[in-house]
Amino acid sequence: VSSSFASIVKTLMKIVKGQNGLAGRAGTALTDTPDTDRDLLCRQIEDVDHASTSVFEAVASLPESSVRAVLQAIAVQARHLTSAEFAAVGIGVNPRRPFDPWVISGISHEQALTIGGYPRPVGLLGLVAKENKPIRLRDLREHPDHFRFMPDHPIMTSFLGVPLRYQGRAVGNLYVANKRGASEFTEHDQRLLEMLASKAGVAIETARLYAAEGMQHAWLQTVIDQMPEGIVLMDAEGRVTMQNRSMLSLVTSDRHERDRFGNLITVDLRQVSGERVSPDNLPIVRAIVHKATTHGDEYVVRRSNGRLVPVLVSAAPIFTTNGEVAGATMMLEDISTFKELERLREEWISVIAHDLQQPISTILLMADALLQSGLTDGVEDDIRHIRSAAARLSRMVNDLTDVSQVEAHRMRISPSLVDLVRLVQDVVTRMPEMLSRTSIRPPERGHLFVLADAERLEQVVANLLSNAEKYSAAGTEIQIDISENDREARVSVTNYGTAVLADELPHLFDRYFRSRAVKTSPTRGLGLGLYIAKGLIEAHGGRMWAESDASGATTTFHFTLPLEAYELLPSTMVPAAEETTSSAGDEPEE
Amino acid sequence: MVAHPRVLVADDDSLFLRAVSKALTGLGARVVQAENGAELIERLADEGPFDLVVTDVSMPWMSGLEAMYASRLAGLAVPVIVMTALAHERIPTKVRALGGRAVLLRKPFDLSSLKAAVTLLLNSETPNVRSRALPTPIDAATPGTNRDDQWADR
């Protein structure tokens, strides 16, 4: 408010000083005016020129100034130009809605309050807007469209109203009343006011746009600040233009590194494994540099106090309409609560799993004891069924435990040096029904050592084999290729028969997924095998995917294990997230 | 191997305690039962010596592991089979801490696994038993799934 008043004062001073400009051109356009009035008129035109200049200055000083301030400037100038006692500017032409804003000059604020709310574009005031042309009256009270004044309204007689136009359409009206030193406003007053109005239309529209944008900005800022997610915005040059409050809560003070754009890296972002994200790999930097989008990837933020906050990070470049990168945004969602729930669920599942395994153990041992006691063949068969059902139940319970660990990224693996070729051979040997139809193609030197959890890897290979068995036509060959490049070892299991449908490929590793191509199996699992297998391979730092070839009716499952990770594995396998959750304690409890 | 080894079995699940006892009896053992960790200690002290202890981990009063640490501290080197259905990743380390004559058996296990473990511990004259064979899978058709039946061999 103070700045708008300052601009008004400045404006008034300029008007008083008076200088050249519009006066010359306007002067020639008004050559039909009698000579005696010419000097006066020229001075007045100069005043209009400066009045409008000051309006534009008021606009130029936006966004500190507001539409209201601009209107105030216009009203003051209109009053001055026409020697009017009162002036008002009202924006709006809808008779059902009050002018908004409605700005007056010549009536004190207190007085305006007693008069009441803003008027509507009705009656005489509305007529100016409706007719979209000036109305000049000696006594407005005599006009048929005039309503009675409100009780505290000052008495007004002479009246001049001109429409404010923007690009030909009326946006509001400029009114002056009670000409000082004369009984009515002159035609010159009318022209001056019209000239001011034509300038003011543009100024008002500009101010309105500024205000709308400013409002939007303020609104956006408020919304963003209130969001529970941490948000950073960067411009095209990579300068951080905004961080909201939630983001600031994740800031670490003990880091002094800068990214490639020179921004101080205030958030210590790490992979779930605990590995620091290098400045160039920050999702927001990658969004600007590589136009890369990150969507809900899991990371952890290390706070100054050493506490690790699990977060989901999303980042995306912002494009201009012509496809250039205008900046980027990054969002960090604190998922501590979710992680805590996940941990509780995992704990709960492990308790349930433990309790379920107990009776299964009893069934298995009792069944075995019965089998030893010498029974008739029929009964023995039945007991074997009980036994294998119990074994299957136990595997399902294991699967559930594994799934909860995969989901929580808490799959523990104990790596040791393993010969992949030997391991695959062992697994195949232990599956008698697969042995005859499986061919293994080892790498040339006959062995391939990887750092891996042997038991978990056996689980993966066995899963892929039984999976291949499900998809293959009876008696067809199942082929296992073991190969390596300089970075990773790869195992590929191919079966012939029905190829997995292309649209199913991306979902093969989803939980509980069942392919339409798979044969109905009497020993249905939970549909978790591939999900767990993939989770196990990823816990080893490897990848797993599937390919299918409809023409050859083949499906191949591949997995890789990193070869360069000999030294890396043991440390990176310890999930950093452990710091965030309370330890389960040293002594296992039931 | 002793002809009829005296075996102390501890588990708080009475049905399972019966099952293990029955299985061990079937293998020729003379079985003494305990239903919690405190009882395990008592029986060890009062009814010993035993050729083998077979114990669950989580039991009331005192865990099987605690009871065995205590007896080790007391100078008792009796071989032990630790059974558990807990997936806790620190258990193998804890079993290893009991020394060479200790084997971890993950629940559920079958009779042949139990037999292999018993044979391994009772046939070995050396205090540092090392596992030589993989445990028998509970379901031969799907190896790898019974990954939990592992031996603590150090």
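Q: Which residues lie nearest the centre of the largest cavity?
A: On a 1 Å grid over the protein atoms alone, a cavity is a set of points where a 1.4 Å probe fits but cannot get out, and lining residues have an atom within 4 Å of a point. In this predicted model, 16 residues line the largest cavity, and A:Leu264, A:Ile265, A:Thr266, A:Leu282 and A:Met330 lie nearest its centre. In chain A, β6 (230-235), β7 (240-243) and β11 (325-334) each give two or more residues to this lining. Strands are DSSP runs of E with at least two residues, and helices are runs of H or I with at least four, numbered from the N terminus.

Q: How do the residues of that lining divide?
A: Ala, Val, Leu, Ile, Met, Phe, Trp, Tyr, Cys and Pro count as nonpolar, Asp, Glu, Lys and Arg as charged, and the others, Gly among them, as polar. The lining has twelve nonpolar residues, three polar and one charged.

Q: What is the pattern of chain B along the sequence?
A: Chain B follows β-α-β-α-β-α-β-α-β-α, with five helices and five strands.

Q: What percentage of the residues in chain B is buried?
A: A residue is buried at under 20% relative accessible area (1.4 Å probe, protein chains only). Of the 154 residues in chain B, 55% are buried.

Q: What conventions apply here?
A: Residues are numbered from 1 along each chain as its sequence is written, and chains are lettered from A. Local features need pLDDT of at least 70 in this predicted model, whereas totals for chains and linings use all residues.

Conventions. Predicted model: local features only at pLDDT ≥ 70, side-chain atom pairs only at ≥ 80, totals over all residues. Heavy atoms only, no water. Buried < 20%, exposed > 50% of the residue type's maximum accessible area, 1.4 Å probe, protein only. 1 Å grid on protein atoms, 1.4 Å probe; cavity = no way out; pocket = protein on both sides within 12 Å on 5 of 7 lines; lining within 4 Å.
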